[in-house]
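Visitor: I'd like to learn how to read a protein structure, one feature at a time. Could you walk me through this one?

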Amino acid sequence: MSSSATPTATSSANHRIGLVATAFRPIIGGMEMYLSHLAQQYVKVGHNVTVVVRFASQRPPDSRAQFVSFEEARVVEENGIRIVIVAAPKWSRPILPLLYKMRFHRIGSRMARFICERTYHATLRSSLAGCDIIHYSGTAQEPLGLAAAIVAKEMAVPFVVTPHTHAGVWGDGADDFEFYKRADRMIALTRNEQDRLVDGGLEAKAISVVMHGADRSSRASRERFRSRYAIDGPTVLFVGRKTREKGYQLLLDAAVDVWKFCPSAMFVLAGPHETSEQFSTQVLADRRIVDVGVLTDEERDDAYAGSDVVCVPSENEAFGLVYMEAWAFSKPVVGLRIPTLVELVDGAGGGILTDGSSHAVAEVLVSLLTNPDYSDELGKAGNHVASKRNWSVVARDTLNIYSQARAMIN
(Lines give C-alpha, C1' and ligand atoms only; values in the text may rest on other atoms or scores of the structure.)
Protein backbone atom coordinates (compact mmCIF):
# COMPACT_ATOMS: atom_id res chain seq x y z
CA MET A 1 0.00 0.00 0.00
CA SER A 2 1.17 3.50 -0.70
CA SER A 3 -0.41 6.92 -0.54
CA SER A 4 0.21 10.59 0.07
CA ALA A 5 0.11 11.45 3.74
CA THR A 6 -1.59 14.78 3.04
CA PRO A 7 -5.42 14.68 3.24
CA THR A 8 -7.23 15.72 0.10
CA ALA A 9 -10.40 17.72 -0.09
CA THR A 10 -13.61 15.72 -0.18
CA SER A 11 -15.44 15.82 -3.49
CA SER A 12 -18.87 17.43 -3.43
CA ALA A 13 -20.21 14.71 -5.75
CA ASN A 14 -22.62 12.19 -4.32
CA HIS A 15 -21.13 8.75 -3.81
CA ARG A 16 -22.51 5.27 -3.42
CA ILE A 17 -20.80 3.96 -0.31
CA GLY A 18 -20.80 0.32 0.74
CA LEU A 19 -20.21 -0.34 4.45
CA VAL A 20 -19.46 -3.98 5.31
CA ALA A 21 -19.20 -5.59 8.75
CA THR A 22 -20.34 -8.56 10.81
CA ALA A 23 -23.27 -6.82 12.50
CA PHE A 24 -25.31 -3.63 12.56
CA ARG A 25 -27.74 -1.95 14.89
CA PRO A 26 -29.97 -2.57 16.76
CA ILE A 27 -27.19 -4.90 17.97
CA ILE A 28 -25.22 -2.96 20.56
CA GLY A 29 -21.47 -2.48 20.25
CA GLY A 30 -18.78 0.06 19.46
CA MET A 31 -18.36 -1.10 15.86
CA GLU A 32 -22.10 -1.09 15.25
CA MET A 33 -22.38 2.45 16.66
CA TYR A 34 -19.45 3.57 14.51
CA LEU A 35 -21.09 2.27 11.32
CA SER A 36 -24.47 3.66 12.27
CA HIS A 37 -23.14 7.15 12.87
CA LEU A 38 -21.09 7.14 9.66
CA ALA A 39 -24.06 5.92 7.63
CA GLN A 40 -26.36 8.57 9.10
CA GLN A 41 -23.87 11.36 8.41
CA TYR A 42 -23.26 10.20 4.84
CA VAL A 43 -26.98 10.14 4.07
CA LYS A 44 -27.39 13.56 5.65
CA VAL A 45 -24.96 15.13 3.16
CA GLY A 46 -26.46 13.38 0.14
CA HIS A 47 -24.51 10.13 -0.31
CA ASN A 48 -26.19 6.79 -1.00
CA VAL A 49 -25.32 4.18 1.64
CA THR A 50 -25.63 0.41 1.60
CA VAL A 51 -24.72 -1.53 4.74
CA VAL A 52 -24.06 -5.27 4.30
CA VAL A 53 -23.86 -7.49 7.38
CA ARG A 54 -24.69 -11.00 8.56
CA PHE A 55 -26.44 -10.06 11.81
CA ALA A 56 -28.89 -7.30 12.70
CA SER A 57 -31.09 -8.96 15.33
CA GLN A 58 -28.93 -10.70 17.91
CA ARG A 59 -25.21 -11.16 18.43
CA PRO A 60 -24.11 -14.83 18.59
CA PRO A 61 -22.61 -15.70 22.00
CA ASP A 62 -19.09 -16.64 20.87
CA SER A 63 -16.76 -16.70 17.86
CA ARG A 64 -17.72 -20.20 16.75
CA ALA A 65 -21.45 -19.44 16.87
CA GLN A 66 -20.81 -16.21 15.02
CA PHE A 67 -18.96 -18.04 12.25
CA VAL A 68 -21.46 -20.87 11.69
CA SER A 69 -24.69 -18.94 12.33
CA PHE A 70 -26.74 -16.80 9.99
CA GLU A 71 -29.96 -14.82 10.00
CA GLU A 72 -32.73 -14.74 7.43
CA ALA A 73 -31.58 -12.87 4.33
CA ARG A 74 -33.48 -9.61 3.91
CA VAL A 75 -33.22 -5.96 2.90
CA VAL A 76 -34.32 -3.17 5.22
CA GLU A 77 -34.63 0.55 4.47
CA GLU A 78 -34.10 2.71 7.57
CA ASN A 79 -33.65 6.48 7.67
CA GLY A 80 -32.43 6.50 4.08
CA ILE A 81 -29.91 3.68 4.69
CA ARG A 82 -30.21 0.44 2.75
CA ILE A 83 -29.35 -2.45 5.10
CA VAL A 84 -28.73 -5.86 3.52
CA ILE A 85 -28.55 -8.88 5.82
CA VAL A 86 -26.95 -11.75 3.93
CA ALA A 87 -27.11 -15.44 4.81
CA ALA A 88 -24.66 -18.19 4.00
CA PRO A 89 -25.70 -19.98 0.79
CA LYS A 90 -27.27 -23.38 1.34
CA TRP A 91 -24.38 -25.29 -0.21
CA SER A 92 -21.95 -23.90 2.40
CA ARG A 93 -23.96 -24.40 5.57
CA PRO A 94 -23.03 -28.05 6.24
CA ILE A 95 -19.31 -27.27 6.01
CA LEU A 96 -19.21 -24.10 8.12
CA PRO A 97 -18.26 -25.98 11.35
CA LEU A 98 -15.39 -27.66 9.49
CA LEU A 99 -14.24 -24.34 8.00
CA TYR A 100 -14.19 -22.83 11.47
CA LYS A 101 -11.83 -25.57 12.69
CA MET A 102 -9.65 -25.36 9.57
CA ARG A 103 -8.93 -21.68 10.19
CA PHE A 104 -6.81 -22.58 13.21
CA HIS A 105 -4.58 -25.06 11.41
CA ARG A 106 -1.51 -23.92 9.50
CA ILE A 107 -2.18 -26.12 6.49
CA GLY A 108 -5.94 -25.66 6.34
CA SER A 109 -6.19 -21.95 7.09
CA ARG A 110 -5.49 -20.78 3.52
CA MET A 111 -8.01 -23.20 2.08
CA ALA A 112 -10.57 -22.08 4.68
CA ARG A 113 -10.03 -18.42 3.79
CA PHE A 114 -10.40 -19.18 0.08
CA ILE A 115 -13.71 -20.99 0.65
CA CYS A 116 -14.91 -18.17 2.93
CA GLU A 117 -14.15 -15.62 0.24
CA ARG A 118 -16.16 -17.58 -2.29
CA THR A 119 -19.01 -18.35 0.11
CA TYR A 120 -20.22 -14.76 0.20
CA HIS A 121 -18.68 -13.50 -3.05
CA ALA A 122 -21.75 -13.59 -5.29
CA THR A 123 -24.24 -12.19 -2.80
CA LEU A 124 -21.85 -9.47 -1.65
CA ARG A 125 -21.08 -8.35 -5.19
CA SER A 126 -24.79 -8.21 -5.95
CA SER A 127 -25.50 -6.27 -2.74
CA LEU A 128 -22.75 -3.72 -3.44
CA ALA A 129 -23.44 -3.29 -7.16
CA GLY A 130 -22.96 0.33 -8.17
CA CYS A 131 -20.93 1.31 -5.09
CA ASP A 132 -17.85 3.43 -5.78
CA ILE A 133 -16.23 2.81 -2.37
CA ILE A 134 -16.20 -0.26 -0.11
CA HIS A 135 -15.39 0.36 3.54
CA TYR A 136 -15.02 -2.74 5.71
CA SER A 137 -14.94 -2.67 9.51
CA GLY A 138 -13.34 -5.75 11.04
CA THR A 139 -10.50 -8.22 10.80
CA ALA A 140 -9.54 -11.22 8.67
CA GLN A 141 -11.79 -13.44 10.79
CA GLU A 142 -15.00 -12.20 9.16
CA PRO A 143 -15.96 -14.01 5.90
CA LEU A 144 -17.71 -10.90 4.56
CA GLY A 145 -14.49 -8.93 4.94
CA LEU A 146 -12.53 -11.50 2.95
CA ALA A 147 -15.14 -11.40 0.21
CA ALA A 148 -15.25 -7.60 0.26
CA ALA A 149 -11.55 -7.37 -0.63
CA ILE A 150 -12.13 -9.48 -3.75
CA VAL A 151 -15.32 -7.64 -4.75
CA ALA A 152 -13.61 -4.24 -4.45
CA LYS A 153 -10.78 -5.37 -6.71
CA GLU A 154 -13.18 -6.81 -9.28
CA MET A 155 -15.25 -3.62 -9.27
CA ALA A 156 -12.09 -1.47 -9.40
CA VAL A 157 -13.22 0.63 -6.44
CA PRO A 158 -11.25 1.67 -3.35
CA PHE A 159 -11.13 -0.77 -0.45
CA VAL A 160 -10.79 0.86 2.98
CA VAL A 161 -10.49 -1.07 6.25
CA THR A 162 -11.08 -0.01 9.86
CA PRO A 163 -9.95 -3.06 11.87
CA HIS A 164 -11.03 -2.10 15.44
CA THR A 165 -8.21 -4.24 16.85
CA HIS A 166 -7.90 -5.28 20.49
CA ALA A 167 -4.21 -5.57 21.32
CA GLY A 168 -3.22 -9.19 21.87
CA VAL A 169 -6.83 -10.36 21.62
CA TRP A 170 -7.92 -10.01 18.02
CA GLY A 171 -7.04 -8.21 14.84
CA ASP A 172 -3.25 -8.38 15.14
CA GLY A 173 -2.43 -11.91 13.98
CA ALA A 174 -0.42 -12.90 10.92
CA ASP A 175 -3.58 -13.61 8.89
CA ASP A 176 -4.95 -10.20 9.80
CA PHE A 177 -1.88 -8.31 8.62
CA GLU A 178 -1.81 -10.30 5.39
CA PHE A 179 -5.43 -9.27 4.85
CA TYR A 180 -4.86 -5.58 5.72
CA LYS A 181 -2.21 -5.33 3.00
CA ARG A 182 -5.01 -5.77 0.47
CA ALA A 183 -6.58 -2.47 1.54
CA ASP A 184 -5.94 0.77 -0.32
CA ARG A 185 -6.17 2.68 2.95
CA MET A 186 -6.36 1.71 6.62
CA ILE A 187 -8.12 3.71 9.33
CA ALA A 188 -6.80 3.38 12.89
CA LEU A 189 -8.87 4.67 15.79
CA THR A 190 -5.84 5.66 17.89
CA ARG A 191 -2.14 6.33 17.46
CA ASN A 192 -1.55 3.21 19.55
CA GLU A 193 -3.43 1.13 16.99
CA GLN A 194 -1.56 2.82 14.15
CA ASP A 195 1.76 1.91 15.78
CA ARG A 196 0.68 -1.71 16.16
CA LEU A 197 -0.35 -1.87 12.51
CA VAL A 198 3.03 -0.48 11.47
CA ASP A 199 4.78 -3.00 13.74
CA GLY A 200 2.83 -5.69 11.89
CA GLY A 201 4.29 -4.66 8.55
CA LEU A 202 1.95 -2.00 7.16
CA GLU A 203 3.19 1.31 5.79
CA ALA A 204 2.64 4.24 8.14
CA LYS A 205 1.70 6.56 5.26
CA ALA A 206 -1.15 4.21 4.30
CA ILE A 207 -2.75 4.47 7.75
CA SER A 208 -4.79 7.44 8.91
CA VAL A 209 -5.92 7.98 12.51
CA VAL A 210 -9.57 8.99 12.81
CA MET A 211 -10.91 9.08 16.35
CA HIS A 212 -14.54 8.36 17.15
CA GLY A 213 -16.88 11.22 17.85
CA ALA A 214 -19.87 12.02 20.02
CA ASP A 215 -22.96 14.18 19.67
CA ARG A 216 -24.77 15.64 22.66
CA SER A 217 -28.54 15.73 22.41
CA SER A 218 -30.04 19.05 23.46
CA ARG A 219 -33.18 17.14 24.49
CA ALA A 220 -31.44 14.99 27.12
CA SER A 221 -32.90 15.41 30.60
CA ARG A 222 -31.19 14.63 33.90
CA GLU A 223 -34.46 15.08 35.78
CA ARG A 224 -36.42 12.77 33.48
CA PHE A 225 -33.89 9.97 33.90
CA ARG A 226 -33.59 10.23 37.66
CA SER A 227 -37.35 10.50 38.13
CA ARG A 228 -38.05 7.52 35.91
CA TYR A 229 -35.78 5.21 37.92
CA ALA A 230 -36.27 6.83 41.35
CA ILE A 231 -32.59 7.80 41.60
CA ASP A 232 -31.83 10.12 44.50
CA GLY A 233 -28.11 9.71 45.23
CA PRO A 234 -24.76 10.22 43.51
CA THR A 235 -24.79 7.93 40.49
CA VAL A 236 -22.28 5.77 38.65
CA LEU A 237 -23.28 4.75 35.12
CA PHE A 238 -22.10 1.64 33.26
CA VAL A 239 -22.87 1.49 29.52
CA GLY A 240 -21.95 -1.57 27.47
CA ARG A 241 -22.32 -5.30 27.04
CA LYS A 242 -22.55 -6.95 30.45
CA THR A 243 -19.49 -9.16 30.16
CA ARG A 244 -16.40 -9.75 32.27
CA GLU A 245 -14.30 -8.29 29.47
CA LYS A 246 -16.22 -5.02 29.76
CA GLY A 247 -15.64 -4.95 33.52
CA TYR A 248 -19.25 -5.62 34.51
CA GLN A 249 -18.41 -8.01 37.36
CA LEU A 250 -15.50 -5.83 38.42
CA LEU A 251 -17.84 -2.86 38.85
CA LEU A 252 -20.33 -4.95 40.84
CA ASP A 253 -17.52 -6.01 43.17
CA ALA A 254 -16.34 -2.40 43.49
CA ALA A 255 -19.84 -1.25 44.47
CA VAL A 256 -19.59 -3.07 47.79
CA ASP A 257 -16.45 -1.11 48.70
CA VAL A 258 -17.92 2.17 47.45
CA TRP A 259 -20.93 1.79 49.78
CA LYS A 260 -18.64 1.60 52.82
CA PHE A 261 -17.71 5.25 52.27
CA CYS A 262 -20.60 6.49 50.14
CA PRO A 263 -23.68 4.47 51.20
CA SER A 264 -26.10 6.53 49.11
CA ALA A 265 -24.25 5.87 45.82
CA MET A 266 -26.33 4.27 43.10
CA PHE A 267 -25.12 2.19 40.17
CA VAL A 268 -27.04 2.27 36.88
CA LEU A 269 -26.28 -0.60 34.51
CA ALA A 270 -27.22 -0.10 30.86
CA GLY A 271 -26.66 -2.58 28.05
CA PRO A 272 -27.47 -6.11 26.91
CA HIS A 273 -26.85 -9.22 29.00
CA GLU A 274 -24.65 -11.97 27.58
CA THR A 275 -26.46 -15.24 28.25
CA SER A 276 -23.21 -17.20 28.17
CA GLU A 277 -21.86 -15.42 31.27
CA GLN A 278 -22.91 -15.74 34.90
CA PHE A 279 -22.46 -13.04 37.53
CA SER A 280 -22.96 -12.69 41.26
CA THR A 281 -26.62 -12.04 42.05
CA GLN A 282 -26.30 -10.90 45.66
CA VAL A 283 -25.19 -7.37 44.75
CA LEU A 284 -27.71 -7.14 41.93
CA ALA A 285 -30.52 -7.55 44.46
CA ASP A 286 -29.51 -4.35 46.26
CA ARG A 287 -31.92 -1.48 45.62
CA ARG A 288 -28.94 0.79 44.89
CA ILE A 289 -28.28 -1.26 41.74
CA VAL A 290 -30.57 -0.21 38.89
CA ASP A 291 -30.42 -2.39 35.76
CA VAL A 292 -32.09 -0.44 32.95
CA GLY A 293 -31.33 -2.98 30.19
CA VAL A 294 -30.93 -1.86 26.59
CA LEU A 295 -31.75 1.82 26.11
CA THR A 296 -32.86 3.75 23.07
CA ASP A 297 -30.55 6.54 21.90
CA GLU A 298 -32.72 9.10 23.68
CA GLU A 299 -32.81 7.08 26.90
CA ARG A 300 -29.03 6.60 26.77
CA ASP A 301 -28.51 10.35 26.46
CA ASP A 302 -30.80 10.87 29.46
CA ALA A 303 -28.70 8.32 31.38
CA TYR A 304 -25.50 10.22 30.64
CA ALA A 305 -27.16 13.49 31.66
CA GLY A 306 -28.53 11.92 34.84
CA SER A 307 -25.30 10.31 36.05
CA ASP A 308 -22.37 11.79 37.95
CA VAL A 309 -19.57 9.44 36.89
CA VAL A 310 -19.31 6.97 33.99
CA CYS A 311 -17.34 3.83 34.80
CA VAL A 312 -16.65 1.05 32.30
CA PRO A 313 -13.57 -0.82 33.61
CA SER A 314 -13.04 -2.76 30.38
CA GLU A 315 -10.05 -5.06 29.91
CA ASN A 316 -9.62 -4.05 26.28
CA GLU A 317 -10.91 -1.37 23.94
CA ALA A 318 -10.37 -0.58 20.29
CA PHE A 319 -11.13 3.05 21.13
CA GLY A 320 -13.58 3.52 24.00
CA LEU A 321 -16.59 5.24 22.46
CA VAL A 322 -18.50 5.24 25.76
CA TYR A 323 -15.88 7.54 27.30
CA MET A 324 -16.22 10.06 24.47
CA GLU A 325 -20.00 9.93 24.80
CA ALA A 326 -19.70 10.59 28.54
CA TRP A 327 -17.52 13.61 27.82
CA ALA A 328 -20.15 15.01 25.46
CA PHE A 329 -22.22 15.39 28.65
CA SER A 330 -19.25 16.67 30.69
CA LYS A 331 -19.08 13.52 32.82
CA PRO A 332 -15.77 12.24 34.22
CA VAL A 333 -14.86 8.68 33.31
CA VAL A 334 -13.19 5.82 35.17
CA GLY A 335 -11.46 3.00 33.34
CA LEU A 336 -8.53 0.62 33.49
CA ARG A 337 -5.00 1.61 32.56
CA ILE A 338 -4.84 -0.01 29.10
CA PRO A 339 -2.90 1.52 26.16
CA THR A 340 -5.86 2.91 24.20
CA LEU A 341 -7.33 4.58 27.28
CA VAL A 342 -3.98 5.95 28.40
CA GLU A 343 -3.90 7.73 25.04
CA LEU A 344 -7.52 8.82 25.14
CA VAL A 345 -8.29 9.54 28.80
CA ASP A 346 -4.89 10.62 30.08
CA GLY A 347 -4.42 12.65 26.90
CA ALA A 348 -7.66 14.54 27.52
CA GLY A 349 -7.45 14.71 31.29
CA GLY A 350 -11.11 13.74 31.39
CA GLY A 351 -11.03 10.97 33.94
CA ILE A 352 -9.01 8.57 36.06
CA LEU A 353 -7.47 5.25 35.07
CA THR A 354 -6.56 2.59 37.57
CA ASP A 355 -5.50 -1.04 37.83
CA GLY A 356 -7.81 -4.03 37.50
CA SER A 357 -8.73 -4.58 41.15
CA SER A 358 -12.19 -3.83 42.51
CA HIS A 359 -10.65 -2.01 45.49
CA ALA A 360 -8.72 0.34 43.18
CA VAL A 361 -11.82 1.06 41.09
CA ALA A 362 -13.83 1.72 44.25
CA GLU A 363 -11.21 4.10 45.61
CA VAL A 364 -11.33 6.20 42.46
CA LEU A 365 -15.14 6.22 42.40
CA VAL A 366 -15.32 7.36 46.02
CA SER A 367 -12.85 10.18 45.33
CA LEU A 368 -15.08 11.47 42.52
CA LEU A 369 -18.46 10.94 44.16
CA THR A 370 -17.38 12.75 47.31
CA ASN A 371 -15.61 15.61 45.52
CA PRO A 372 -18.05 17.18 43.03
CA ASP A 373 -15.73 20.08 42.16
CA TYR A 374 -12.93 17.71 41.14
CA SER A 375 -15.40 15.55 39.25
CA ASP A 376 -16.73 18.59 37.36
CA GLU A 377 -13.19 19.67 36.50
CA LEU A 378 -12.44 16.31 34.89
CA GLY A 379 -15.77 16.29 33.06
CA LYS A 380 -15.10 19.72 31.58
CA ALA A 381 -11.64 18.63 30.40
CA GLY A 382 -13.19 15.67 28.61
CA ASN A 383 -15.90 17.85 27.11
CA HIS A 384 -13.22 20.11 25.63
CA VAL A 385 -12.09 17.12 23.52
CA ALA A 386 -15.55 15.74 22.73
CA SER A 387 -16.86 19.11 21.58
CA LYS A 388 -14.34 19.06 18.73
CA ARG A 389 -15.13 15.49 17.62
CA ASN A 390 -18.78 15.24 16.65
CA TRP A 391 -19.78 12.61 14.11
CA SER A 392 -20.01 15.07 11.23
CA VAL A 393 -16.28 15.75 11.70
CA VAL A 394 -15.54 12.00 11.79
CA ALA A 395 -17.54 11.50 8.58
CA ARG A 396 -15.74 14.38 6.87
CA ASP A 397 -12.33 12.99 7.81
CA THR A 398 -13.34 9.51 6.63
CA LEU A 399 -14.65 10.82 3.31
CA ASN A 400 -11.28 12.51 2.78
CA ILE A 401 -9.60 9.13 3.23
CA TYR A 402 -11.94 7.67 0.61
CA SER A 403 -10.72 10.39 -1.76
CA GLN A 404 -7.11 9.45 -1.04
CA ALA A 405 -7.88 5.78 -1.70
CA ARG A 406 -9.69 6.68 -4.92
CA ALA A 407 -6.68 8.68 -6.14
CA MET A 408 -4.46 5.65 -5.61
CA ILE A 409 -6.33 3.37 -8.00
CA ASN A 410 -7.14 5.93 -10.70
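Guide: Let's begin with a cut-off: a residue counts as exposed when its relative accessible area is over 50%, and as buried when it is under 20%. Keep in mind that this is a predicted model. Now try it on Ala156, in the loop between α6 (143-155) and β6.

Visitor: Is Ala156 buried or exposed?

Guide: Its relative accessible area is 57%, so Ala156 is exposed. Ala156 also has a positive phi of about 60°, although it isn't a glycine.

Visitor: Which residue in the loop between β3 and β4 can I look at next?

Guide: Take Asn79, which sits in that loop. Its phi is near 50°, again a positive value in a residue other than glycine. With a relative accessible area of 67%, Asn79 is exposed.

Visitor: And what does a buried residue look like?

Guide: Go to Phe179, in helix α7 (residues 174-180). Its relative accessibility is 3%, so Phe179 counts as buried. Leaving aside neighbours within four places in sequence, Phe179 is in contact with Tyr136, Thr139, Ala140, Gly145, Leu146, Ala149, Phe159 and Val161.

Visitor: How many residues apart in sequence are Phe179 and Ala140?

Guide: They're 39 residues apart in sequence, yet their C-alpha atoms are 5.9 Å apart in space.

Visitor: Okay, sheets next. In what order do the strands of the open sheet come?

Guide: The order is β3-β4-β2-β1-β5-β6-β7-β8, eight strands with mixed pairing. At the edges are β3 (74-78) and β8 (207-209), each pairing on one side only. From one strand to the next, the twist averages 20°.

Visitor: Let me zoom in on one strand. Which strands does β1 pair with?

Guide: On one hand, β1 (residues 16-20) runs parallel to β5 (residues 133-137), and four bridges join them. On the other, five bridges join β1 to β2, and these two also run parallel. Leu19 is a handy landmark: it stands opposite His135 in β5 and opposite Val51 in β2.

Visitor: Where do side chains point in a strand?

Guide: In a regular strand the side chains alternate between the two faces of the sheet. As for β1, four of its five residues are buried, so β1 is largely enclosed by the rest of the structure.

Visitor: Which helices pack on the sheet?

Guide: One of them is α1 (residues 30-44), which touches β1, β2 (48-53), β4 (81-85), β5, β6 (159-162) and β7 (185-188). The direction of α1 makes about 155° with that of β5. Another is α16 (residues 391-409), touching β1, β5, β6, β7 and β8. Its direction makes about 160° with that of β7.

Visitor: At what angle do α1 and α16 cross?

Guide: At roughly 80°, and their axes come within 9 Å. Angles of 65 to 115 degrees count as roughly perpendicular, so α1 is roughly perpendicular to α16. On the α1 side you'll find Tyr34, His37, Leu38, Gln41 and Tyr42; these meet Trp391, Ser392, Val394, Ala395, Thr398, Leu399 and Tyr402 in α16. By class, this contact has eight nonpolar, four polar and no charged residues.

Visitor: How many residues of α14 are buried?

Guide: Nine of its 12 residues, so α14 is mostly covered. Among the buried ones are Val361, Leu365 and Leu369. You can check its length too: at 1.5 Å a residue, helix α14 (residues 358-369) should span 16 Å, and its end C-alpha atoms are 16 Å apart, which agrees.

Visitor: One last thing: which residues does the cis peptide bond join?

Guide: Arg25 and Pro26, with omega about 20°. You'll find Pro26 in the loop between β1 and α1.

Conventions
Residues are numbered from 1 along each chain as its sequence is written. This is a predicted model: local features need pLDDT of at least 70, side-chain atom pairs count only at pLDDT 80 or more; totals for chains, interfaces and linings use all residues. Side-chain values use heavy atoms; hydrogens and water are left out. Two strands pair if DSSP finds at least two bridges between them. Axes are lines fitted to C-alpha atoms, for helices over the stretch in contact, and angles run from 0 to 180 degrees between N-to-C directions. Contact means heavy atoms within 4.5 Å. The expected span of a helix is 1.5 Å times one less than its number of residues. Buried means under 20% relative accessible area, exposed over 50%, partly exposed in between (1.4 Å probe, protein chains only). Angles under 35 degrees count as roughly parallel, over 145 as roughly antiparallel, 65 to 115 as roughly perpendicular and the rest as oblique. Ala, Val, Leu, Ile, Met, Phe, Trp, Tyr, Cys and Pro count as nonpolar, Asp, Glu, Lys and Arg as charged, and the others, Gly among them, as polar.
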